[in-house]
Amino acid sequence: MPFFDEIYEDKDIRVVLMRHEQMAGHAAEGYARVKGDLGLCVTTSGPGATNTVTALANAYYDSSPIMVFSGQVPTKLIGNDAFQEADVVGATMAITKQNYQVKDVNNLGKIFKEAIHIANSGRPGPVFIDLPKDVQVADCSLAEPIPENIHITGYNPKEWSSAVPRQINRALDYMMNAQYPVILAGGGVAHANAHKELEELVSILNIPVVYTMMGKGVISDDHPYVLGMLGMHGRKRANFAMCEADVILALGTRFSDRITGDLNRFPGQSDAKIIHIDIDTAEIGKNVQVDVPIVSDLKPALEELLNQLKDRMKNGGIIKSWWYKWIKDLKDSDGIPNVTNTGPHGLVIPEKVMYELNDILEPDDIVVTEVGQNQMYAAHYLNIRKPRTWISSGGLGTMGFGFHAAIGASVAVSETNPEAEVWLVAGDGSFQMNLHELSTVKSADIKVNIIIMNNEYLGMVRQWQELFFDKRYAGTDLACVGPECERNYWPDFIKLADAYGLEGIRVSKPSQVKAALERAKKSKETVVIEVLIEPESNVLPMLRPGGALDSFLSRTREEKSIYDWYGRLPRTDMECKNYCCEIAEEDDVDYLFQWGKKKEDK
Amino acid sequence: MSNSNYPNLSIIGLLVNDSPGVMMKITGMFARRGFNIASITVGHSERPGLSRITIGAEGDLDTIEQITKQLNKLVDVIKVQHLGLQNTTIRECALIKVIIKGHEQRQEVVSIVDLYRAKAIDVSQKYITIEVVGGPRKVDSFIDVISDIVPIREIVRSGLMAISRGKSAITLN
């Protein structure tokens, strides 16, 4: 209360009153990711502070600079189990980059400055400050001046070292001799603001680029050499390129299990060389063995790489041209379908929503997703063209993250680029984890275009149950009510929007999608679009659980069979040509083709 | 180190801030990432405000490397070093209380104590408390030998302390 009382009349600070502290933390993260600077969330003690634990964990795993600043009972009551006391410093220890409890007001300024420095520098991350009430109201006129420069013994993120040029020289030796090089771009590229250097590197080398989900947007999806997302739910072309690569240049990524698939079979070529540039020493060699480790901030490292490359370029060509050709053919055959027909239930196919959204999406628009199928559809199909315009919960996979991050993102763009729209791609399951914040967007006049893809299930888990648990939809059916399992769906999202004084649009036919999106875009305030999508639609391809990057389940026959034809990727012009022809002939096969065990069963 | 109690042991020396919660951050990191602590000792260092920790950790070299990297990431950890067993002096102190029956057994215990250059620090009619200091193998061996002669009532071991040989040191300068 003393804190809020103090900022009550401060016109420079915009306070967005969220309805729940977890959501305030997520909103701070949305803000931080768009701005590339600290997002702040302020909560009360005890339950208020513990509610931010999920938000801190989310920011920790996605390396977002946020600060959570919570009240605490007076210092003399700490440890006495006082009203609304909780050991939040203990609770947040494992999920923050650093946390503090301020016991002396004289240290307050120094701690704040230190915390902000820690959150923003090196590999960014969340910080937590616990501020007891007596410290909040203490007179700090005698406090020591806040130091100008922050030096923290024991905290020296390695932004550059003299070993980097030598290592980059080694990396270039591998890259210049590579036959099938691939760049793997992660979220670190965005944190380091190294997207321009990356694009220049790609334009010089003409190397195909795959990205992690956190790395979406660091290079435009429109770029001819960008193959899309890699991994568990990656595009087939990205996964194949990774399987075939003999040199992998990994930038700001941590080789998470969702990226590598089966670690024993990663990389696909057992003699492939991996060059890994990351600012976090601990990420290098953590999951995969690395041939050229480079600990550095990406921006200066890529600048050095470019300089050395330009020196070497005077000597001529690098990569065999048919590798691009194959990549290009593969990319052409793997575009987003404009599905105008409906599914078996007469409802919209999710790809249609993505197709129309792509059409209306401007380069500066921000796309935020929830977690689940909606996230994967968006990650697959949406063309994101700029860094910091794609916001999704990666490491922790927090359902309910999206809407609040979108609120934070919307506040951030209103400061920097008011023309940009914020689109939220949500599922009905995720959205029900956070829908109370509709009240926030209404009362704080925040605009988010909400697209709820309602399939009446917790779709991603249902998909797994369909594919691997004989369609036993245990605990995932959101429309199944009563012992007889009568299908009925609550809430009515349109009435819900109405209850919060917002416009709701229900879309049940493919032809209505475009108009609804346009209407939302034109509207001055938040619009809730509910798209009734085919309940049992699946996001494909996906890797088999525990499978390697080349073992995935696909919608159509040709997606799985590329290896069947050659036992490897096509490597000559003729092979490429045959491959493309065969896809064209089989293109009309549009059913769930699950190869392997299930097929034999039938 | 060919030691039965620590088959796969590495010694890590740390210099850390002497402030509340630091031990929890360090041990919490081990717990969260599934690393094993075989032994941990803490005490003041040569500099006020900084504590010196010696951790005996178990795991292959990749695991130990990952442990040192993760420790390094903690803001309150100022220095971390994996101390190679060749160039490190390792000591442990153990206090052992044994039960004795009669004068002969006491004589026998005292002779073993002398043999190991240990010390009897408390003697009563039925009990002797012995202080033994040495490398972990010496302490283990002493316990083995003494437990053959007399029953042991209680053992308190300090855990391993390690310091590198020669000039090398884990300090701020």
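Contact on this tour means heavy atoms within 4.5 Å. Keep in mind that this is a predicted model.

**Stop 1: a serine in chain B**

Leaving aside residues up to four places away in sequence, Ser164(B) touches Leu83(B), Asn87(B), Thr88(B) and Ala169(B). Ser164(B) sits in strand E9 of chain B, residues 161–164. Is Ser164(B) buried or exposed? Ser164(B) has 11% relative accessibility, so it counts as buried. Now show the backbone of Ser168(B): the side chain of Ser164(B) reaches the backbone oxygen there at 2.8 Å.

**Stop 2: where the chains meet**

Next, colour by chain and go to the interface. Here 17 residues of chain B are in contact with 20 residues of chain A. Between them, the two chains bury about 1400 Å², with 54% of that on carbon and sulfur atoms.

Which elements of chain B each supply at least two residues of the side that touches chain A? They are helix H1 (22–33), helix H2 (61–73) and strand E4 (77–83) of chain B. H2(B) provides the largest share of that side, with six residues. Colour the side of chain B that touches chain A by class and you get six nonpolar, four polar and seven charged residues.

How many residue pairs are in polar contact across the interface of chain B and chain A? There are eight, counting pairs with both residues at pLDDT 80 or more. As for salt bridges, the rule finds one across this interface. To see the bridge, select Lys73(B) and Asp280(A), whose closest N and O atoms are 2.6 Å apart.

**Stop 3**

Salt bridges that share partners join Arg123(A), Asp280(A), Glu283(A), Lys286(A) and Lys73(B) into one network. Within chain A, look at Arg123(A) and Glu283(A), whose side chains meet in a salt bridge at 2.8 Å, N to O. Arg123(A) is in the loop between helix H6 (108–120) and strand E4 (127–132) of chain A, while Glu283(A) is in the loop between strand E9 (273–278) and strand E10 (292–295) of chain A, so the pair ties together parts 160 residues apart in sequence. Switch to a surface view and check Glu283(A): its relative accessible area is 5%, so it is buried.

**Stop 4: zoom out on chain A**

Chain A carries 25 helices and 20 strands, and of its 602 residues, 57% count as buried. The accessible surface of chain A comes to about 25000 Å², and 50% of that belongs to carbon and sulfur atoms. Take the contacts in chain A between residues at least 6 apart in sequence: 75% of them join residues at least 24 apart. Over all chains, a search of the whole structure finds 34 salt bridges.

**Stop 5**

Select Lys447(A) and Glu421(A), a salt bridge with its closest N and O atoms 2.9 Å apart. Lys447(A) lies in the loop between helix H19 (438–443) and strand E14 (449–454) of chain A, and Glu421(A) in the loop between helix H17 (401–416) and strand E13 (422–427) of chain A, 26 residues apart. Lys447(A) counts as buried at 17% relative accessibility, and Glu421(A) counts as buried at 12%.

Now jump to Lys514(A) and Asp359(A), another salt bridge, with the closest N and O atoms 3.3 Å apart. This pair links distant parts of the chain, 155 residues apart: Lys514(A) in helix H22 (residues 513–522) and Asp359(A) in helix H15 (residues 350–360) of chain A. Lys514(A) is partly exposed at 36% relative accessible area, whereas Asp359(A) counts as exposed at 51%.

**Stop 6**

Why does H15(A) count as largely enclosed by the rest of the structure? Because nine of its eleven residues are buried. Among them are Pro350(A), Val353(A), Met354(A), Leu357(A) and Ile360(A), along with the charged Glu351(A), Lys352(A) and Glu356(A). To see what surrounds them, show helix H16 (373–381), E13, E14, H22 and strand E18 (527–532) of chain A, which the buried residues of H15(A) pack against.

How values were computed
Residues are numbered from 1 along each chain as its sequence is written. Chains are lettered from A and ligands numbered from 1 in the order in which they are written. This is a predicted model: local features need pLDDT of at least 70, side-chain atom pairs count only at pLDDT 80 or more; totals for chains, interfaces and linings use all residues. Side-chain values use heavy atoms; hydrogens and water are left out. Buried area is the accessible area (1.4 Å probe) that two parts lose on being put together, summed over both. A salt bridge is a side-chain nitrogen of Lys or Arg within 4 Å of a carboxyl oxygen of Asp or Glu. A polar contact is a pair of N or O atoms within 3.5 Å; within protein, one must be able to donate a hydrogen and the other to accept it, and residues adjacent in sequence count only if both atoms are side-chain atoms. Helices (H or I, at least four residues) and strands (E, at least two) are DSSP runs, numbered from the N terminus. Buried means under 20% relative accessible area, exposed over 50%, partly exposed in between (1.4 Å probe, protein chains only). Accessible areas come from the Shrake-Rupley method with a 1.4 Å probe; for residues, only the protein chains shown count as cover.
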